[in-house]
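Dear colleague,

Please find below the structure that I am handing over to you. My notes on it follow directly after.

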Amino acid sequence: MAHARQRRGERGLARWAGQLVFPALALVVMVVAVSLGSVSVPLGQTVEALWRAATGQPQPDRMIASIIVSTRLPRVICAALIGAGLSVGGAAMQGLLKNPLADGSTLGVSGGAALGAVVAIAFGLTLPGLPFGSVMVMAMVFAFLSLVIIMGLAYRLDNSLSTNTIILLGVIFSMFVSSIVSLLITFSDDKIHSITFWLMGSLAGANLNQALALAGVLAVGATAIVACGRELNAFAVGEDNARQVGIDVRRIKVVVLVSVSALIGVCVAVGGSIAFVGLVTPHMVRLLVGPNHRRLLPASLFGGAAFLMLADLVARTVLSPRELPIGVVTSFIGAIFFLTIFWRARKGV
Amino acid sequence: MSELLSVRDLTVSYGDLTIVDRVSFSLSAGEWLMVVGPNGAGKSTIVSAISGGAPHRGRVSVLGRSLTSYKPSALARVMGVLAQRHNVGYAFTVEEVVRLGRYCHRRGVFAGSTSQDEAAIERAVAMTGLEPIWRQSVLTLSGGELQRTFLAQLFAQDPQALILDEPTNHLDLAYQEQVFDLISQWLKEPGRAVLSVVHDLSLARAYGSSALLLDRGRSVGSGPVSDTLSRQRLSQVYEMDVYAWMERMLSQWQEVVTL
C-alpha cells in the first residue's frame with residue numbers, strides 16, 4: 001500500500017502540472033488573437049505593446065498600440081471571459097445532471113436568456129445609470145427561470161433525468177422560446193435592427209465595460225462552482241450516491257443552478273447566443289484531465305477561454321474583410337462534436 | 001445507547017395508495033435486521049423513507065434524535081446506505097468513488113485529506129480487496145466489482161449502521177457470498193448494526209439475527225429470525241409452503257451427492 005501511495009503521489013503531481021497547460025494555452029492564444037486581424041502585427045511587437053500598456057509606458061507606435069490595446073484587446077478579453085463562463089457552466093451542468101450532453105444551448109437555457117435580453121431591448125427597459133444593465137439582469141433572470149422550468153419538468157417526467165428526456169425538453173423549450181422571440185421582433189419595428197444585430201451573436205461591439213461586467217459575474221459564479229468540485233463528483237457518480245455520502249443535495253443544486261444561470265445570462269447578454277461552447281470544451285478537457293471536477297472545472301475555465309478566442313479569431317479572419325457571426329463558427333464545430341459524442345454514447349465505442 | 005434506529009408507525013403513501021402502513025421496528029448495536037417479504041410488500045420503500053428520499057409519516061429517530069433534525073453530513077456519519085444498482089456516468093476511477101465516502105468527515109471546502117481519511121480508506125480497500133483495480137475506471141468493472149467498490153465507499157464512510165437494499169440482487173453466487181461475508185466481518189466491531197432488505201429467504205436466515213416480515217405494506221411479525229420466519233407465517237405471507245419448496249430445492253443437490 002505504501003508503494004501504491006507513492007505512485008499515487010507522483011501521478012497526482014503530474015496531473016496538477018497538467019493543470020498549468022490550460023492557463024498557459026489561454027495566454028498564448030490571447031497574444032496570438034490580439035496580433036492577428038485585418039492588420040497583422042508581429043508577435044514581438046504585440047507583446048511589447050501589451051506590456052507597455054500594462055505598465056503605463058509610452059507607446060513607440062501609436063497606430064499599432066491603438067489597434068492592439070483599444071480595438072482588439074477588449075474584444076479578445078470578452079471572448080475569453082464568455083468562453084470561460086459558458087464552459088465552466090457547461091461542465092457544472094454535465095456533472096450535476098450526470099449527463100455529458102447538458103449545456104446551456106442543449107437545455108434551452110441560452111434560449112431563455114436570449115428571450116430575457118430581447119424583452120429588455122424590445123420594451124426599452126433600462127436601469128438607472130446602467131444603459132446595458134437591464135439586458136444583463138433580464139438575461140440572467142430568464143436563464144434561471146428557464147433552468148427551473150426545464151429541471152422541474154424533467155424531474156416530474158423521469159426522475160433519472162435520462163439524456164433523452166433532458167434533450168427533448170431542451171429542444172421543446174428552445175422552440176417555444178424562439179417563437180416568442182420572433183413574435184416580439186414582429187411587433188417591434190423600431191427596435192428590429194438592434195434586436196437582430198444582437199441575436200446574431202457577435203463580439204464586434206465588445207467594449208471594456210462589458211468585459212468588466214463579465215469578469216465580475218465570472219469571479220463570483222465560477223468561484224462558487226469550482227468550490228463545489230467534490231460535490232459535483234458525487235452528483236456525476238449519481239444523485240442518490242451524493243445524498244448517501246452526506247451531501248446537502250438541495251443546497252448544492254441551488255448554488256450550482258444560480259451560478260450557472262448568472263454565467264449563461266451575462267454571457268448571452270454580451271455575446272448573443274453562442275451555442276455549444278459549454279458542450280465542446282468540457283468534453284475535450286475531460287479527455288485530457290479525466291472526469292474529476294476538482295481538475296475538470298478549472299481546466300474548463302481556461303480551455304473555454306482559449307476555445308472561444310480561437311473561434312472569434314476564425315470568425316473575423318477567415319473571410320476577411322467580411323466577418324462571420326461567432327455563433328456560426330461555434331455551432332459548426334459544436335454540431336459535429338455533439339453528433340460524435342451522441343454516436344459514441346449510443347454505440348458504446 | 002445501544003438503539004441506533006427506531007421507527008414508529010412509519011407510513012408512506014402516494015395519493016390514495018398506501019405502500020407502507022404503520023410499520024414499527026428498531027435496530028440495536030450488534031444486530032443484523034433482515035427486512036423480508038414478497039414483491040410489493042414495501043421493503044425498498046422503507047429503505048428510501050429512512051435514508052431520506054421518500055416523504056413519509058410516523059417517527060423515525062436515529063440515536064434518539066429525529067431523523068429530520070440531522071444535517072445530511074451528520075446523518076451520513078451515523079447511517080450509510082448501499083443502493084441496489086449503480087449506474088455511473090463518467091470514467092471515474094475506483095479510488096475516486098471510494099474517496100467520496102469520506103465526504104461527511106471533511107472539515108472545509110478546500111481541506112485536504114487527513115491521516116484519519118487515509119487510514120479509513122486503507123482499511124476499506126484491504127477489506128474489499130480492491131487494490132488490483134484501484135486505478136481502473138468504474139466503467140470497466142463487472143457487476144460484482146462495482147458493488148464491492150460502493151461497499152468500500154460505505155466502509156470508508158465509516159457509519160455506525162449500514163442500510164442495504166438488496167445488496168446482491170443481480171450478482172452471481174460467488175459475489176453474494178463475498179458481499180455477505182464482508183458485511184458480517186464489518187459487523188463484528190462493537191457498536192455497529194446492519195439493516196438489509198433481502199429477497200432470498202435462505203440468505204436472511206443464514207446471516208440475519210432478527211427479521212421484519214412484511215406483507216402488502218404491513219408488518220406481519222418481527223423478532224429473532226427463526227421465530228419471525230416460521231413455517232406457518234411464511235406460508236401465509238407467500239401463499240405457498242415455503243419450507244416444502246426449500247426442501248425440494250435442497251433435495252436436488254442431495255441426489256447429486258449420493259450419486
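Chain B has ten helices and ten strands (DSSP runs, H or I of at least four residues for helices and E of at least two for strands, numbered from the N terminus). This is a predicted model, in which local features need pLDDT of at least 70 and side-chain atom pairs pLDDT 80 or more, while totals for chains, interfaces and linings use all residues. Residues are numbered from 1 along each chain as written, chains are lettered from A and ligands numbered from 1 in the order written, and side-chain values use heavy atoms, without hydrogens and water.

Of the 259 residues in chain B, 49% are buried (buried is under 20% relative accessible area, exposed over 50%, partly exposed in between; 1.4 Å probe, protein chains only).

In chain A, K253(A) lies in helix α13, residues 249-271, and is buried at 17% relative accessible area. Its side chain makes a polar contact of 3.0 Å with that of E239(A) (N or O atoms within 3.5 Å, one able to donate a hydrogen and the other to accept it; residues adjacent in sequence count only if both atoms are side-chain atoms). V254(A), also found in helix α13 of chain A, is partly exposed, with 48% relative accessibility.

With kind regards
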